[in-house]
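The following report covers a ligand shell, a sheet with its helices, and a pair of domains. Please have the sequence and the model at hand.

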Amino acid sequence: MPLVRENILQMAGYVPGEQPGDSSVIKLNTNENPYPPSPRVLEAVQRITAEQLRRYPSPDARTFREAAAQVHGISPDMILCTNGGDELLALVFRACVGDGDHVAFLEPSYSLYPVLAAMQDAEKVILPYRINGTHWEFPPEIFKLAAKLLLIVNPNAPSGTLAELPTLDRIIASFPGVVLLDEAYVDFAPASALPLVREHGNVILLRSMSKGYGLAGMRFGYGIAQPSLLAQLHKVRDSYPCDALAIAAATAAITDQAYAAGTWEKIKHQRAHVSAALRSMGFTLPDSYSNFVLAQVPAPVNAGELYQRLKAANILVRYFNLPGLTDKLRITVGTAEQNTALLTALKTLTTAA
Ligand SMILES: Cc1ncc(COP(=O)(O)O)c(C=O)c1O
């Protein structure tokens, strides 16, 4: 008898981006914020007492929910805290999707979604983006779907492209199940879909502290939705998903909006610079509203080989051997120094290739 369920035997697990131990690597592969978190974060972590470690933490990360509610102008009961945004995704799948149910998502998009669908033994409904040059558009079938769950990353990963709120509004209004709007990168975009949460009871926003707040190492994310939907997710989560250190760090980070916004501005400025420089070297890329760009390499350069050569030069970017992505590299926007090193290496490697 197999030790695990048949669908688990059959599925491939998610492969996270590389995390090299060597700190000299210029790491532009997993969309971390290149700047450290607010200094208030380290102060908050250092203030943690042995007594706080001895006890279980707040089961619902109360201090964070109150701080985030203030920032977003909503009530704390519209916020559910999780161990990274990824845990929110797991909760949504667990609560909404059973064996054989349909789960819809765009492609290319976050490559964790098909893995979560496989874990639930769900049927995947893949919605291919309509890609016309650098223009990425939803396919028309997204407006007339029948599925339990629809996942949309906005701004999208790995393209960095942005869908407008009226379009999202129409999709949510026409969809019979839950729509998860994954806003892991929204801090680098002009607007959030937060207003849609007030209007629709079937939408959940995913937020992450990993990107905008420089806390990928802490693992903290949260969902925003109407309290009645969050009450259902509460039933399927662990008792204490966020630890005391992470709650203290995330609360300090979200409270220091001025510091975080300063890093977003620097990243957006560098994003414009990197995009223009890549285009001048012959790369093709859509305008990005995120903290990375998706660059199609100029022929006859091979994207997989270029990825390897950058790696040999101590620069890590992301290469996906997936449909629609094999001629592209996803490159996180780094600090000015990191970006200069990347662009210098690319200039040499693309002319020598
Ligand atoms: C599109 C998208 N959603 C969600 C996440 C989850 O982020 P985290 O679990 O670090 O909060 C990521 C992380 O890379 C992501 O790219």
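Which residues come nearest to the ligand? Of the 14 residues around it, these are Gly-84, Gly-85, Asp-86, Ser-208 and Ser-210; a residue is near a molecule if its C-beta atom, placed from the backbone, lies within 6 Å of it. H5 and E9 are the elements that give two or more residues to this shell. Helices (H or I, at least four residues) and strands (E, at least two) are DSSP runs, numbered from the N terminus. By class, the shell has six nonpolar, six polar and two charged residues. Here Ala, Val, Leu, Ile, Met, Phe, Trp, Tyr, Cys and Pro count as nonpolar, Asp, Glu, Lys and Arg as charged, and the others, Gly among them, as polar.

The model is predicted: local features need pLDDT of at least 70, side-chain atom pairs count only at pLDDT 80 or more, and totals for chains, interfaces and linings use all residues. Residues are numbered from 1 along each chain as its sequence is written.

Seven strands form an open sheet with mixed pairing, in the order E2-E10-E9-E8-E7-E3-E4; two strands pair if DSSP finds at least two bridges between them. Strands E2 (79-82) and E4 (123-128) each have a single partner strand, so one side of each edge strand lacks a neighbour in the sheet. On average, neighbouring strands are turned by 20 degrees against each other, direction ignored. E2 runs antiparallel to E10 (residues 221-224), and four bridges join them. Ile-79 has Ile-224 of E10 as its bridge partner.

Contact means C-beta atoms, placed from the backbone, within 7 Å. Axes are lines fitted to C-alpha atoms, for helices over the stretch in contact, and angles run from 0 to 180 degrees between N-to-C directions.

| Helix | Strands | Angle |
|---|---|---|
| H4 (residues 62-72) | touches E2 and E10 | about 130 degrees with E2 |
| H5 (residues 85-96) | lies across E2, E7 (149-153), E8 (178-182), E9 (203-208) and E10 | about 155 degrees to E9 |

The protein chain is divided into domain 1 (6-30 + 258-352) and domain 2 (39-256), with bounds from an automatic or database domain assignment. Their centres, taken over C-alpha atoms, are separated by 24 Å. In domain 1, 26 residues are in contact with 28 residues of domain 2. On the domain 1 side, helix H11 (257-280) and strand E11 (292-296) are the elements that give two or more residues. H11 provides the largest share, seven residues. This side of domain 1 divides into 16 nonpolar, eight polar and two charged residues.

Key. Contact = placed C-beta atoms within 7 Å.
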